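I opened the notebook for this chain today. My notes on what I looked up follow.

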Amino acid sequence: MNHSATRIRRSAGEGLYDPRFEHDSCGVGFVAQIKNRQSHAIVEQGLEILLRLTHRGAVGADPREGDGAGILLQLSDNFFRPAAEEAGIRLPDHGEYGVAMCFLPRDDDHRRQCEAILEQTVREEGQRLLGWRDVPVDPDAADLPQSVLDCRPVIRQCFVAMGEGCGDQERFERKLFVIRKVTQHRVADRAFDDPARFYIASFSSRTIVYKGMFLSHQLSAFYP
């Protein structure tokens, strides 16, 4: 193939690609182990990429205040199985449970209502609620400014097992997507007046997202 000709065609636009939108990317990095060997080194490399993308993020009036950073990870059964046990949760086989990464209101009553709505939706969709885990966070280590602390949500993970008759992991993934969307719409209808409102950052049996409204270097410090 004539690579120079390929570059010319691509710069002019081809298929769904349009060079006018080339500047829209806000900064994304990707790390993979091609032999499918899980390792914390991959996570460390992902965090290093995030640090290299610091210049793509916006900074507030306080230089410690950012417009958001996060990392998407493969769901590690080796990590979550003992973590769930510490929370009194017994997990089924890997691939047969999902984890919802939930940002919840700080108001106790609003938070309980949001959790109840999620739990009800899980049951309605024929899946099995396993329990909740408080996500360890360290705002002091992350050196978050007061403006961020004032609107910081309560961060908890909800564990859900595949229901009987669900079939396979593909169908389970679709169920978790439906539960996530229905729950968020139902909570939005309540219109809670809380600065830290409800949001499900991810809900999957395969991946999980750790994120927040902070700078790149604050992510790993905030989630020890």
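Which residues form one aromatic cluster with Phe214? I looked this up and found Tyr210, Phe222 and Tyr223 beside Phe214 in one aromatic cluster. I note here that the model is predicted.

**Entry: aromatic pairs**

I searched the whole structure and got seven aromatic pairs. One of them joins Phe103 and Tyr199, and I logged this pair as tilted. Their ring centres are 6.2 Å apart, with 55° between the planes. Phe103 sits in strand E2 and Tyr199 in strand E5, so this pair ties together parts that are 96 residues apart in sequence.

I then checked accessibility for both rings. Phe103 has a relative accessible area of 11%, so I put Phe103 down as buried. Tyr199 comes out at 33%, so Tyr199 is partly exposed.

Next I went back to the cluster. Phe214 and Phe222 are both buried.

**Entry: helix H7**

Does the span of H7 agree or disagree with the number of its residues? H7 covers residues 169-190, which is 22 residues. At 1.5 Å a residue, I expect a span of 32 Å. The end C-alpha atoms are 32 Å apart, so the span agrees.

I listed the buried residues of H7. They are Phe172, Glu173, Leu176, Ile179, Arg180, Thr183, Gln184 and Val187. Seen down the axis of H7, these buried residues fall within an arc of 120°, so they line one face of the helix.

What do the buried residues of H7 pack against? I found strand E2 (97-104), helix H4 (108-124), strand E4 (154-161) and strand E5 (199-204). On the other side of H7, I noted Arg174, His185, Ala188 and Asp189 as exposed.

Asp168 caps the N-terminal end: one of its side-chain oxygens lies 3.3 Å from the backbone nitrogen of Glu170. After H7 comes Ala191, and its phi is positive, near 50°.

**Entry: positive phi in loops**

Most residues other than glycine have a negative phi.

Asn36 is not a glycine, yet its phi is positive, about 60°. I placed Asn36 in the loop between helix H1 (3-12) and helix H2 (40-52). Its relative accessibility is 62%, so Asn36 counts as exposed.

Asp143 also has a positive phi, near 55°, and is a residue other than glycine. I found Asp143 in the loop between helix H5 (139-142) and helix H6 (146-149).

**Entry: Leu72**

I located Leu72 in strand E1, residues 69-74. Its relative accessible area is 57%, so I marked Leu72 as exposed.

Which residues does Leu72 touch, not counting residues up to four places away in sequence? I got Thr207, Ile208 and Val209. Leu72 and Val209 are 137 residues apart along the chain. Their C-alpha atoms are separated by 4.4 Å.

Note on methods. Residues numbered from 1 in each chain as written. Predicted model: local features only at pLDDT ≥ 70, side-chain atom pairs only at ≥ 80, totals over all residues. Heavy atoms only, no water. Helix = DSSP H or I, 4+ residues; strand = E, 2+ residues; numbered from the N terminus. Expected span 1.5 Å × (residues − 1). Buried < 20%, exposed > 50% of the residue type's maximum accessible area, 1.4 Å probe, protein only. Arc of directions from axis to C-beta. Contact = heavy atoms within 4.5 Å. Polar contact = N/O pair within 3.5 Å; in protein donor to acceptor, adjacent residues only side chain to side chain. Phe/Tyr/Trp six-rings, centres within 6.5 Å; stacked < 30°, edge-to-face > 60°.
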